[in-house]
Amino acid sequence: MKRSFYVTTPIYYVNDLPHIGHAYSTVAADAFARYHRLSGDDVFFLTGTDEHGQKVAKAAAAKGLDPQTHVDRMVAPFKELWQRYSISNDDFIRTTEDRHRVVVQEIFQRLFDQGDIYKGVYEGWYCIHEETFWPESQLKDKNCPECGRPVELIQEESYYFKTSKYQERLLKYIDANPDFVRPDVRRNEVVSYLKSGIQDVAISRTTFAWGVPVPFAEGHIVYVWFDALINYLTGIGYLQDDERFKKFWPPVHIIGKDIIKFHAVIWPSMLFALGLALPKTIVATGFWTLGDQKISKSRGKVIDPNQLADELGVDAVRYFLLREVPLGQDGEFTHTGLVRRVNADLANDFGNLLHRTLPMIGRYREGVVPLAVPEPRKAAALAESAAEVIANFKADMEALDARGALTEIWRLLAVANKFIDSTQPWNLYKEGRNDELDEVLWGLAETIRLVALMTAPFMPTTADKIFEQLGLDAKPADQPYEDYLVWGKLTGQLKSRPGAPLFPRVELEPEE
Ligand code: ME8
């Protein structure tokens, strides 16, 4: 039976342009989506934009635009960036779309009808930047405890969702499903938050109008987070396409650690109330920081993913983001760190294997990759390493450990580069040891093919180019792992087509 894999990114606020932090969660989700497609699974990959709320309304007002015009303009740079970054999302959801509004309203009505939503008055603090209500006791130096910005005092009639009703059930669920929230540090944070006793959350606003109207209460709009979380349901056809919904629910959520409570406390409570299965897992990534500060446009510290792609190429940036730090940890983003890693891993390790092997096939075999060797002797150790790496690579990707998977691939690259040094194909050629030379060259080409297949989820364009250079006419994306990620499949006599270096070395600026 085919497995289903439904993966999501956060939907990003369109108050400003996308930055490298947004690219990070999107590239991570893309790599997992691509891996699962290659594994033969049915995949649905959703991303999109979060377009309501006070923060977006404020950004529109600052430009003198009505909110709808603003969001219609701001969605373009996100879509363009994802296209440029080879993001293979199956759908793109905008919370201002009709298909979403009707689902939000129906859910609001249903939870009200069944007694999970009730009317009250909210008196307390609100951080517009985080779009979060804060009780006075949680403020830090009278500011938002999350971002440190000033908060505003609000008092307004509000509908509440009975999050507290689901507290015990959620604690039990997390206890029974240790992988529900990853990594451990985030699960512990959620558990202690739940144990401290959670309050019901206000889920409607009356003091501004940019949101989904509450269906039965004039003047109320749905709180932006209640609205936004529902995108994960709308995007997969909830209440609109039963077949698709049944096939793909529940999802795997990739989010940043900043929004863990919304995803691991409020969202599961909403799903309990709706009688739906909870997400398979919620992976909270760490932050990229610049001089210890979170990268974010509103702090004036930004890294433009388009500029990085201009300089280094999309695949190099994708690789760096997923290789540099384990998914749950923070990482300091430096240009030097990025360039060093690209030079060491891509130009040296990866580039060397490719740009030593193909010219040797050119020189010694007129560019024709030798035929497969039925029982490799010289390449036996290489075959063994490859089999081991393939198994570990798959296990890591199944566990959503992108860095682990990449580290495995690089282990194989190291073995293959050493194999060239130890077998010295140039001497085999000189001494006329043709069978051995064929075996060595074939073994190297086979390793390159396997590496291309395994790197395809991370560096799709590069993987295509490697197949092209090896003389393979197929695309890696069309070669399912079950049939092709196996040592010995490179059988035909291929005419290789060496091309330009895939990863030119990047010079560091003198002051770096
Ligand atoms: O929170 N490092 O949207 P948002 C790593 N609309 N990742 C980062 C990052 C950084 N410095 N900065 C941002 C929202 N991110 C809501 C989400 S979901 C139903 C609604 C990534 O535009 C990270 O994944 O503020 C974070 O969770 C997300 O962008 C927040 O994007």
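The structure is a predicted model, in which local features need pLDDT of at least 70, side-chain atom pairs count only at pLDDT 80 or more, and totals for chains, interfaces and linings use all residues. Residues are numbered from 1 along each chain as its sequence is written, and side-chain values use heavy atoms, with hydrogens and water left out.

**Ligand site**

- An oxygen atom of the ligand lies 3.0 Å from a backbone N or O atom of tyrosine 13, and a polar side-chain atom of histidine 22 lies 3.3 Å from an oxygen atom of the ligand.
- A polar backbone atom of tryptophan 288 is 2.8 Å from a nitrogen atom of the ligand; a polar contact is a pair of N or O atoms within 3.5 Å.
- On its own the ligand has 670 Å² of accessible area, of which the protein covers 96%; accessible areas come from the Shrake-Rupley method with a 1.4 Å probe.

**Cavities**

- On a 1 Å grid over the protein atoms alone, a cavity is a set of points where a 1.4 Å probe fits but cannot get out, and lining residues have an atom within 4 Å of a point.
- Two cavities of 30 Å³ or more are counted by this rule; grid points are joined across faces, edges and corners, and a volume is the space filled by probe spheres set on the points.
- The largest cavity holds about 660 Å³ of space, and 37 residues line it, with Tyr12, His19, His22, Asp258 and Lys294 closest to its centre.
- Two or more residues of this lining are given by each of β1, α1, α7, α8, β11 and α10.
- By class, the lining of the largest cavity has 16 nonpolar, 14 polar and seven charged residues.
- The ligand sits in the largest cavity, in the sense that more than half of its atoms lie within 2 Å of the grid points.
- About 30 Å³ of space lies in the second largest cavity, which is lined by Val201, Ile203, Tyr223, Trp225, Phe226, Leu229, Phe262 and Ile266.
- The lining of the second largest cavity has eight nonpolar, no polar and no charged residues.
- Both α7 and α10 supply at least two residues of that lining, and α7 gives the most, with three residues.

**Largest pocket**

- A pocket is an open set of grid points with protein on both sides within 12 Å along at least five of seven lines, and the largest pocket has a volume of about 680 Å³.
- Its lining has 31 residues, of which Thr132, Phe133, Trp134, Gln138 and Tyr193 lie nearest the centre.
- The elements that each supply at least two lining residues are β4 (117-127), β5 (132-134), α6 (184-195), β8 (201-202) and α10 (260-274).
- The most comes from α10, with five residues.
- In the lining of the largest pocket, 15 residues are nonpolar, seven polar and nine charged.

**Backbone geometry**

- Most residues other than glycine have a negative phi, and most peptide bonds are trans.
- Arginine 182 and proline 183 are joined by a cis peptide bond with omega near -5°, and proline 183 lies in the loop between β7 (181-182) and α6.
- The peptide bond from tryptophan 249 to proline 250 is also cis, with omega about 5°; proline 250 is located in the loop between α9 (242-248) and β11.
- Glutamate 131 is not a glycine, yet has a positive phi of about 50°, and this residue lies in the loop between β4 and β5.

Note on methods. A polar contact is a pair of N or O atoms within 3.5 Å; within protein, one must be able to donate a hydrogen and the other to accept it, and residues adjacent in sequence count only if both atoms are side-chain atoms. Helices (H or I, at least four residues) and strands (E, at least two) are DSSP runs, numbered from the N terminus. Ala, Val, Leu, Ile, Met, Phe, Trp, Tyr, Cys and Pro count as nonpolar, Asp, Glu, Lys and Arg as charged, and the others, Gly among them, as polar.
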